[in-house]
Amino acid sequence: MGKEHEDSGENDSLRPDHDIEAGELKAPKSDPNSCAWFFPVLVVTVIMLVYGVFMYAYLVPMMNQLHTSKSDKSEVLNADPKVAPHPAEYVLAIALTWHILVIMLVVSYLRAMLTSPGSIPNEPQWKDPQMFGIHPDVEAKVTKIMSDISTDVEAEAEFIKSVPVLERKKGNAGYRYCNKSCDLYKPDRTHHCKFCKMCVLRMDHHCPYLANCVGYGNYKFFMLALFYAVCCTGFFLGAMAVRFYECFNPILDAGYFFAYDLPVALMYLMCVGLFFLIGIFFSFHVYLTANVMTTIEYKEKLGATSSTLRHQFKVAHKKYDNGYFANLCHVFGPLYLWLIPLAPSHPDRGTYTGFVAKPEMTA
Ligand SMILES: [Zn+2]
Ligand SMILES: [Zn+2]
């Protein structure tokens, strides 16, 4: 769920340019959203196919056997010969767990797709950097910390966290500004998305499978969609393992093979691939979240070849890093809400969406 098409506005950042931008300059002009519906339709189709095969070839035959075994024994003859009878409690537990996982997946996916990732508020402080209220002495200290790689970042953590906007342009060290279509100054970690045609707060990447950017407002839903996709495919693999094995038993007849064995085998193999692919991708994002990094920042960190750039990354990173657990809570909310697709309340929302008015700071 994470093919990246990121920002085009980062050549004004402290950080190095992305390769994708160079390619973007040469790419022919075309509407980037012309086929935006394709991948969401593909995702919905895959969910429906996996759900359908689970129900049609496994759960419903099991439920039928429960029913027939109690009423008319002769009907058992019509039951699926490759699905073994199970106790009612087992069937109920399978049915409940499966439907809870699928519902959570669908809700998380829809919320990730339909929730705004967050844009720069159209407020005065993002139109006039004077409104940031950063004292010249503070600005001088920011410049010094950023350029002096011998700075003890840990010792300056409190100061770094207190600066309302830390990232600066690469060229003249001014505040970052979006002149694409937003015409606003950018909060830290904000990038312009050419697909969404807006600056996205704490942008992670533009996800074609969501037809939406993944950013400040919907990152939790994106993560939960991945998590429940791993749960659903994993559950499918576990519950259907015996049924998959049965596909290799002698074919009863061609009709049965095409109606049952073939769909089960195809869906099972597809779920094996999805389980590992999405599992690896989800694990990568857990790592990013715990280390308070976006995909864009991770790539910037990898690409930071000079010691100065690595130092600048470390400083910018320090502003938002509060330790693994706090970083996870920042995205997922309090522990009891981690697996529920409800928006977390962001106590430091102001850090991203327009910091609250602060008294003018002095160094
Ligand atoms: Zn923009
Ligand atoms: Zn986007």
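I started with α3 (88-114) and α6 (219-239): their axes come within 8 Å and cross at roughly 150°. Axes here are lines fitted to C-alpha atoms, for helices over the stretch in contact, with angles from 0 to 180 degrees between N-to-C directions. Helices are DSSP runs of H or I with at least four residues, strands are runs of E with at least two, and both are numbered from the N terminus. That crossing angle makes α3 roughly antiparallel to α6, because angles over 145 degrees count as roughly antiparallel (under 35 is roughly parallel, 65 to 115 roughly perpendicular, the rest oblique). I also noted that α3 passes α6 in a left-handed crossing. Left-handed says that the near helix is turned anticlockwise from the far one by less than a right angle; clockwise would be right-handed.

Note on the source: this is a predicted model, where local features need pLDDT of at least 70 and side-chain atom pairs count only at pLDDT 80 or more, while totals for chains, interfaces and linings use all residues. Residues are numbered from 1 along each chain as its sequence is written, and chains are lettered from A and ligands numbered from 1 in the order in which they are written.

Next I looked up who touches whom. Two residues are in contact if their C-beta atoms, placed from the backbone, lie within 7 Å. On the α3 side I found Trp98, Leu101 and Leu105 among others, and on the α6 side the residues include Phe222, Ala225 and Tyr228. By class, the contact of α3 with α6 has 18 nonpolar, two polar and one charged residues. For those classes, Ala, Val, Leu, Ile, Met, Phe, Trp, Tyr, Cys and Pro are nonpolar, Asp, Glu, Lys and Arg are charged, and the others, Gly among them, are polar.

Buried requires 20 or more other C-beta atoms within 10 Å of a residue's own, exposed 12 or fewer, and partly exposed lies in between. Of the 56 residues in this core, Phe222, Ala225, Leu226, Tyr228, Ala229 and Cys232 touch the most other members. The largest share, 15 residues, comes from α6. I checked Ala229: beyond neighbours within four places in sequence, it is in contact with Leu105, Leu274 and Ile278.

Last, I went through some loops. Arg202, between β4 and β5 (205-207), has a phi near 40°, positive although the residue is not glycine. Is Arg202 buried or exposed? Arg202 is buried, with 25 other C-beta atoms within 10 Å. Asp183 also has a positive phi, near 50°, but counts as partly exposed, with 13 C-beta neighbours inside 10 Å. Pro81 is in the loop between α2 (38-70) and α3, and its C-alpha is 9.2 Å from that of Leu252, 171 residues away in sequence.

How values were computed: Core = buried A, V, L, I, M, F, W, Y, C linked by C-beta atoms within 7 Å.
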